[in-house]
Each structure stands twice: as structure tokens, then as C-alpha cells.
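Please look through the sequence and the structure shown below, and then follow the report, which takes up one part of the model after another.

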Amino acid sequence: MAKLLYVTYEWNFTKTCSSVFFPELLKKYFDVELCMIKDDSNLDADKINNSDYDSVVFFQCEPDFSKFTCKNIIFVPMYDTFCFTPARIKALKNINLINFSKRLHKESLRYGIQSFYIQYYPEIKTDSITNENRNRVFFWQRQKWNPYSLLNVFPEDLSSLGIKYINLHSNEYKIENCREGNFKNAQIQKSSWFKNKEDLNKLLSETKYYYAPRDKEGIGFSFLDALEKGCVIICHKEGTMNEYIQNKKNGYIINFCRPGKIKFTDFDKIQKASIESVIEGRKRYEQAVPLMAEFIERVCRGGGAQFKIN
């Protein structure tokens, strides 16, 4: 069994937990050692160089790769924090990438960089999805967008959509400072913290429309969790959201900078298409996992391969 060193940021593993799933997945195929760092300067390249790892996997971390004598390096970039520049293209020429964004994967291949593409989907339990008490809009403010401006995509009378509550959630920004919107027949509720994941899941199970909270995502666990619970997603026209959502087919795509009124169609129809997209996406993900393990095995042997999209 090949031995991997998995390097990730502490906050990514302990606070957002967005990188926890990946080493757990890799452990099914490899001997994985975890290394958490505060920032790239906190990484001891000499210690890694003097170790016997078959490959080093950098999840979002992007140190100076030229400091490492190990040639079997894997870098997992995140779409929301990464873009190709001439310096990056040069630095990554001999690095193997695993991309969770199709756009980044295509760009990697275009620049002659070895890449494997895999799109994550959660496992959905359709028997647990019910619309009996689904009467909410959920807006989680994680950037400095005015929620009331974005919420104006809805009709003034939300009862026409079966909405009774608008949930505004934020633990970083003060929603109270935002200008109040004018919505009839809907109560605005504010929250700043969930004691446990079950409280959030309960709210999502009662949510019709979920605002993807950022203009870009790395993978997008926040809106993927909402998809898993049967919510219909409203998102900005950027990645990775637009790699999952098709406008007016399984959700709604808008421009956060110039939000206009959405012409909402039948919720049940959109929700059904959304659930079906997760079911099919999960099948593709599970089929791709052993191929990804094969890709990593090749990297460990000093090979690697470019996996192209059909």
C-alpha cells in the first residue's frame, strides 16, 4: 500500500471541515499520514524531503513546490482561491493536479498540466425528503452582500410561493446593519450559530429556496448539503455552483451584482430535477473514485496520466 502525506490547512480541517472527507476517502486505498499547517510558511520542506512518502498531497495548500525533492506531488486547487497565471503554469508543469472543478481541469490540460477531474456529490436519501413543512427561504451570509438586495429576486408577496419564513443566518457579518426589505406575509428570522449540525439539517429540511452564500466556491459543501436535503438552489453565475446548477432546470442562476426578479416555475418540478441530478451525480462520483485512486497510484510510481473529459 502506497504511503501518502496529506497536507492541509488547520482551518480547512478543523473549522470548515471541508477537507476532512478527502483523506478519509484516500485511506480506503492508501496509507495516509495527516499534516495540518497554519499557512504555507509553516511547512517543513526539509522534513518532508527526508521522509519516504510515495506521494505528497497538498489540499489547497500551495507552497513553493521547487523546495521539494519528491517528484510525485499532487496538488488539489480550489476554484474560489485559484487561477492560472504564467508563474503558476511554470511552477505546476511537473505537478499532478486533482481538480474538483471542470473548468480548472480543462484549463490544466490546456496548459499541459497533468490533471484528474472528479466532481463531488453527497449521498442523498430520497425517502427522508418531504415537503410537508417546507416553507422557508434560507440565506447564509458569508460575504458582504446585502441580503435584502439579493432577496428582492422574490415577489413581494411570498405567500404566492408558499413561503412563510425568511431565515437570515450569519456568524461573521452584522445583518442588522442591512436595509430591511419589504415582504408581505413572511416573517424574517435571524440566527448567528447552530449548536449542532442536526439543527441546521432540520432547518434545511424546511427550506424551499436556499441561497448559495458565496460568489465562488472551492467545492461547495454548503449548497451541496442543501441539495442533499431537497432545497432548490439560487446561486451566482460562477463556479463551482454553475457546474452543478442549470438555470430554471434544477435551480436558479442569477448575477449577484445585478439581481433581477426570478420568474419562478413549479417548485416540485425543479426540486425533482435537482434531486435527480444529485442521484446521477453521486453515481458518477462513485465511479470516478477508483479511477482517481488509480491516477494516484500512477503518480506514486512516477507516472501520472491526463484524464480527459468526454
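## Strand β7 and its surroundings

Strand β7 (136-140) is mostly covered in this predicted model, with five of its five residues counted as buried.

Where does β7 stand in the order of its sheet? The sheet is open and is formed by six strands in the order β9-β8-β7-β10-β11-β12, with parallel pairing, so that β7 is listed between β8 and β10. Its edge strands are β9 (187-191) and β12, each of which pairs on one side only, and neighbouring strands are turned against each other by 20° on average, direction ignored.

In general, the strands of a sheet pair through backbone hydrogen bonds, in either a parallel or an antiparallel manner.

## The other sheet

Another open sheet of six strands has the order β2-β1-β3-β4-β5-β6, and its pairing is parallel. The strands at its edges are β2 (31-37) and β6 (115-117), each pairing on one side only, and the twist from one strand to the next averages 20°.

Within this sheet, strand β1 (residues 3-9) and β2 pair in the parallel sense over seven bridges, and the bridge partner of valine 7 in β2 is cysteine 35. Helix α9 (residues 267-300) packs on the sheet and touches β1, β3 (55-59), β4 (73-76), β5 and β6, its direction making about 165° with that of β5. Helix α5 (residues 102-110) lies across β5 (96-99) and β6, and runs at about 155° to β6.

In soluble globular proteins, nonpolar side chains tend to be buried together. Here the largest nonpolar core has 52 residues, of which Phe22, Ile98, Phe100 and Ile296 touch the most other members; helix α9 gives the most to this core, with 11 residues.

Which residues are in contact with isoleucine 296, leaving aside its neighbours within four places in sequence? They are Leu4, Leu26, Phe30, Ile74 and Ile98. A second, separate core of 26 residues includes Leu150, Val232, Ile262 and Phe264.

## The largest pocket

Rolling a probe the size of a water molecule over the atoms shows where empty space is left. The largest pocket holds about 1200 Å³ of space and is lined by 34 residues, of which Lys15, Thr16, Cys17, Trp140 and Arg142 lie nearest its centre.

Several elements each supply at least two residues of this lining, namely α1 (10-15), β7, α7 (197-205) and α8 (221-228).

## Backbone features in the loops

Most residues other than glycine have a negative phi, and most peptide bonds are trans. Glutamine 60 has a positive phi of about 70° although it is not a glycine, and it lies in the loop between β3 and β4. Is glutamine 60 buried or exposed? With a relative accessibility of 13%, glutamine 60 counts as buried, because the limit for that class is under 20%.

The loop between β11 (232-236) and β12 (251-254) holds threonine 240, and the peptide bond from glycine 239 to threonine 240 is cis, with omega near 0°. Lysine 248 lies in the loop between β11 and β12 and has a positive phi of about 65° although it is not a glycine. At 46% relative accessibility, lysine 248 counts as partly exposed.

Technical notes: Residues numbered from 1 in each chain as written. Predicted model: local features only at pLDDT ≥ 70, side-chain atom pairs only at ≥ 80, totals over all residues. Heavy atoms only, no water. Pairing = 2+ DSSP bridges. Helix = DSSP H or I, 4+ residues; strand = E, 2+ residues; numbered from the N terminus. Axes fitted to C-alpha atoms, helices over the stretch in contact; angles between N-to-C directions. Contact = heavy atoms within 4.5 Å. Core = buried A, V, L, I, M, F, W, Y, C linked by side-chain atoms within 4.5 Å. Buried < 20%, exposed > 50% of the residue type's maximum accessible area, 1.4 Å probe, protein only. 1 Å grid on protein atoms, 1.4 Å probe; cavity = no way out; pocket = protein on both sides within 12 Å on 5 of 7 lines; lining within 4 Å. Points joined across faces, edges and corners; volume = space filled by probe spheres on them.
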